[in-house]
Amino acid sequence: MQMRAISAGSSLRAGGAVLAPVVLLAFVTWACGSSEATTPRSPPIASRLDSLPDNAVKRTPADDVYPPVLHATEFAEPVPLPGPINTAGLEDSPFIAPDGRLYFFFTPSAAVPPEQQLFDGVTGIYVAAQAQAGWQEPQRVVLQDPGKLALDGCADVLNDVLWFCSAREGWSGIGWFTASLRDGEWTDWQSAAQHLPPDGPVGELHFTSDEQTLYFHSDRTDGAGGEDLWRSDRDAGGTWLPAVNVAQVNTSADEGWPWLTPDGGELWFTRQYMGSPAIFRAQRTENGWSEPEMIVERFAGEPTLDAQGNLYFVHHYFRDGVMLEADLYVARRR
């Protein structure tokens, strides 16, 4: 939930702050060089631990004022992922790729605005593989050319293609981009605008495994209110059809950040509930989607499952209305 993108007219959320695209665009335009400014170099890639503020405190369930609350008996109680995944900074936006790798967004502090994250050399997308002994050290996923600036997030992987949202040098506002996996590295990043439905803004997204249907959230009109979940299908020629509101799961509250099981049988998403994000699941039926059931509540969102059915999500630590930190959690399937 730290990095949020919708095509033109949206905002980019990072480190707990929201920066309007026009402000970020103006900042990036200045930073990338103008008649009155010197073009900066890309910052060096720094260590996540070395980038943490001196006063950073690692939060734990023991001092969590609003711990996540599980409502589904099929899962064990959620727990934070151990190091080296979680730090005293903000780990956010988890996504389990088909190969089992964990992608997530990291920034060192909730107090740092996006215009500073752009230069810190550490904020962005990371990936970690799981070995027999546990998670390996996460590695930064570099998705920009040397000497150029970008603020990337919203990772989603399908068939050796990485989808990500980005505010970057040379592009207006915030948009969707793709990168291709070649020899173990993500490369050939390019705008994905031509590969998305053209009839309105597209927020954080997820494709069905056959790539024929796209689910996403958007605040476009004719919805149930606020952010809603929408879907678009490809026709026989590969063209995206106009998006349809997923009315069976939407309410007047905000719904978003969809994730579907590979068989298409479950739709997982985040909904605002009683003042904070909560995780819901709907089951596919003969008539569409079932009434969504709440799985985890209280500052829990952006669900993703691994091949064993274990549930991963982000949990934000709040106190007195201020976000202190974010960690990635797992609720293991019983």
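**Close-up views of a predicted model**

**View 1. Glu91 and the residues around it.** In this predicted model, Glu91 has quite a list of contacts beyond its neighbours within four places in sequence: Arg48, Ile85, Asn86, Phe104, Phe105, Phe106, Val314, Ala326, Asp327 and Leu328. Glu91 sits in strand β5, which covers residues 90–96. Its relative accessible area is 0%, so Glu91 counts as buried.

**View 2. Polar contacts of the Glu91 side chain.** Let us stay with Glu91 and look at its side chain. A polar contact of 2.9 Å links the Glu91 side chain to that of Arg48, a residue also found in the contact list above. The side chain of Thr87 makes a polar contact with that of Glu91 too, at 2.6 Å.

**View 3. The cis peptide bond at Gly83 and Pro84.** Here is a feature to look for in the backbone, given that most peptide bonds are trans. Gly83 and Pro84 are joined by a cis peptide bond, with omega at about 10°. Pro84 belongs to the loop between β4 (79–80) and β5.

**View 4. Asp188, a strand residue with positive phi.** Most residues other than glycine have a negative phi. Asp188, however, has a positive phi, near 55°. You will find Asp188 in strand β14, residues 185–191. With a relative accessible area of 35%, Asp188 is partly exposed.

**View 5. Met274, a loop residue with positive phi.** The phi of Met274 is positive as well, near 55°. Met274 lies in the loop that connects β20 (266–273) with β21 (276–285). Its relative accessible area is 73%, so Met274 is exposed.

Conventions: Residues numbered from 1 in each chain as written. Predicted model: local features only at pLDDT ≥ 70, side-chain atom pairs only at ≥ 80, totals over all residues. Heavy atoms only, no water. Helix = DSSP H or I, 4+ residues; strand = E, 2+ residues; numbered from the N terminus. Buried < 20%, exposed > 50% of the residue type's maximum accessible area, 1.4 Å probe, protein only. Polar contact = N/O pair within 3.5 Å; in protein donor to acceptor, adjacent residues only side chain to side chain. Contact = heavy atoms within 4.5 Å.
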